[in-house]
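Please examine the protein below.

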Amino acid sequence: MDGFHNKAISQRYRRLRSRPETRQSKWISLNCFGIVLIAVMLADIYLVTQVNSNDAAVNRSLYSGDTETHNADIPDTTGAAISNNLKDFAHSYATTMGQSVGKKPEQTQAEISNFLLPRVLVLVFPQYHRDELNDKLWGEGFTDWDNLKKAPLQNRNGDHIPRPTELGYYDLTEKEPRQKQGALAKEYGIDGFVYHHYWFYDEEHPGPNLHQPLINMLADGHPDVPFALHWCAVKWMTTWSGQVSPNFVFKEPGVLQKQYFPIDPKDPKIEEHYKWLRQFFHHPNYIKVEGNKPLFMLYQKKPGAMVILKRLQELAMEDGFGGLMLTVGLTKNHDHLLPIQDKELVRKFKVEQDRVEKFQLYDKVVSYPNPSDWAANRTLEIPHWCRQNGHSNKRLKDIAGIISSFDNTPRRNFDEANLFATGDPSEVVSRFEKSLHSALYYETCCFEDKLLPTKHEDDDRFVLINAMNEWAEGMALEPSDVYGRKFLEAIRDTKKELSEKKCSLE
């Protein structure tokens with residue numbers, strides 16, 4: 001063995017001994033590893049010496065280059081072969097030991113043969129069309145495009161406010177823009193749309209609202225992509241800076257449209273709600289888990305909605321489904337991907353999570369990193385424990401929420417608008433891409449799931465992006481004059497990189 005090889009092994013051993021994450025409990029294993037390496041070094045020195053005194057013909061066969069004629073006749077018992085076998089053993093031992101000293105082992109082909117990324121879902125807002133309630137509240141013909149069209153070109157920081165380019169100021173009751181949305185989803189790896197679903201139990205305006213694009217989708221088949229519904233079970237407030245219709249009369253200060261929740265689970269209004277929902281649940285494109293459980297999401301935690309959701313769950317089972325996969329959105333951080341240090345916030349978020357878990361109704365929560373100081377200028381990060389050796393934590397029942405960008409100047413007073421995840425477009429897209437990579441890697445590579453699903457129909461792992469087209473709040477993956485297709489390209493490229501490199505971070 002030459003001096004360089006001796007030095008390299010010695011240096012490797014010293015580096016392993018000096019790693020900060022090496023704990024006292026691993027002392028015996030590391031020293032065993034050291035003994036093996038020393039044995040290899042001594043064996044190499046001894047065996048190379050023996051090789052020099054071997055039969056000259058054997059030496060000539062090995063070192064003269066005339067190996068084609070002689071190698072088949074020479075038994076593989078030379079010092080070099082034995083030395084190599086010992087090195088292979090040491091390498092194998094070192095690979096195994098790497099798991100104990102914080103080195104993430106390479107996955108075998110068998111382990112990654114069923115490599116399946118979680119589904120990337122994107123919120124889609126259906127309000128871009130004329131609607132009876134909006135006519136009543138804001139004036140005849142109003143849509144959310146009006147807010148964007150009247151907005152200034154720049155926000156108060158001088159950042160340009162994105163406007164649509166390729167798809168234009170569309171009407172989602174028409175097939176063409178929905179068809180284009182579906183084409184973009186397929187081209188850039190979006191696994192499904194999550195449509196905001198508005199349903200009121202208010203006596204004056206019961207039933208669905210802003211729903212015509214969904215009804216038309218059932219009729220014409222576009223967009224032809226997987227989808228789910230996201231119930232926005234909240235009352236509508238005058239939080240926008242726009243002026244309400246002059247004919248509108250407030251029955252409650254600041255409330256445009258009330259929301260009520262039945263307290264009797266047998267209330268026929270709940271069955272009416274389910275009858276409307278089932279036309280979507282039975283659609284072949286509707287997103288399901290465990291083969292036959294439709295995904296139904298609640299936008300915000302509303303205690304009054306629990307009676308309704310429990311009854312909807314029962315009705316789904318009576319309708320032949322395995323129930324519903326229910327999720328609820330919480331304004332909180334994802335503990336593994338976006339840890340926070342503020343103890344009061346940690347306590348507050350834990351209280352909210354505990355309240356949700358206590359009812360044992362929701363399968364998962366969606367952690368929304370809303371525009372707040374605790375999430376400002378931060379990205380989701382792969383947990384340190386996962387980068388080091390992985391598999392040391394329990395998977396949280398959280399769906400990571402990711403904001404593309406946020407600027408609600410079109411809906412607010414210019415000086416009071418909430419500017420979050422704005423700035424240089426390349427930096428905004430870079431932060432988005434990093435968060436997406438972290439969330440996908442976390443769900444795919446940070447846990448020892450021996451029986452990971454092999455097809456999406458059985459998979460309950462999701463990442464939720466806000467949003468495809470929330471233009472009046474600056475959250476739009478659709479092509480714009482500021483970002484082009486960069487957000488969409490980030491989704492495509494991130495998924496491609498993970499699919500090729502698997503769980504390697506190199």
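This is a predicted model: local features need pLDDT of at least 70, side-chain atom pairs count only at pLDDT 80 or more; totals for chains, interfaces and linings use all residues.

Residues are numbered from 1 along each chain as its sequence is written, and side-chain values use heavy atoms, with hydrogens and water left out.

Q: What is the mean pLDDT of the protein chain?
A: The pLDDT is the predictor's confidence in each residue, from 0 to 100. The chain has a mean of 79, and 71% of its residues reach 70 or more. Over residues 1–113, however, the pLDDT is below 50.

Q: What makes strand β14 mostly covered?
A: A residue is buried when its relative accessible area is under 20%, exposed when over 50%, and partly exposed in between (1.4 Å probe, protein chains only). In β14 (residues 462–466), five of its five residues are buried. Strands here are DSSP runs (E, at least two residues), numbered from the N terminus.

Q: Which residues cover each face of β14?
A: In a regular strand the side chains alternate between the two faces of the sheet. Phe462, Leu464 and Asn466 lie on one side and Val463 and Ile465 on the other, all buried.

Q: Why is strand β1 said to pair with β14?
A: Two strands pair if DSSP finds at least two bridges between them. Val122 stands opposite Ile465 in β14.

Note on methods. Contact means heavy atoms within 4.5 Å. Helices (H or I, at least four residues) and strands (E, at least two) are DSSP runs, numbered from the N terminus.
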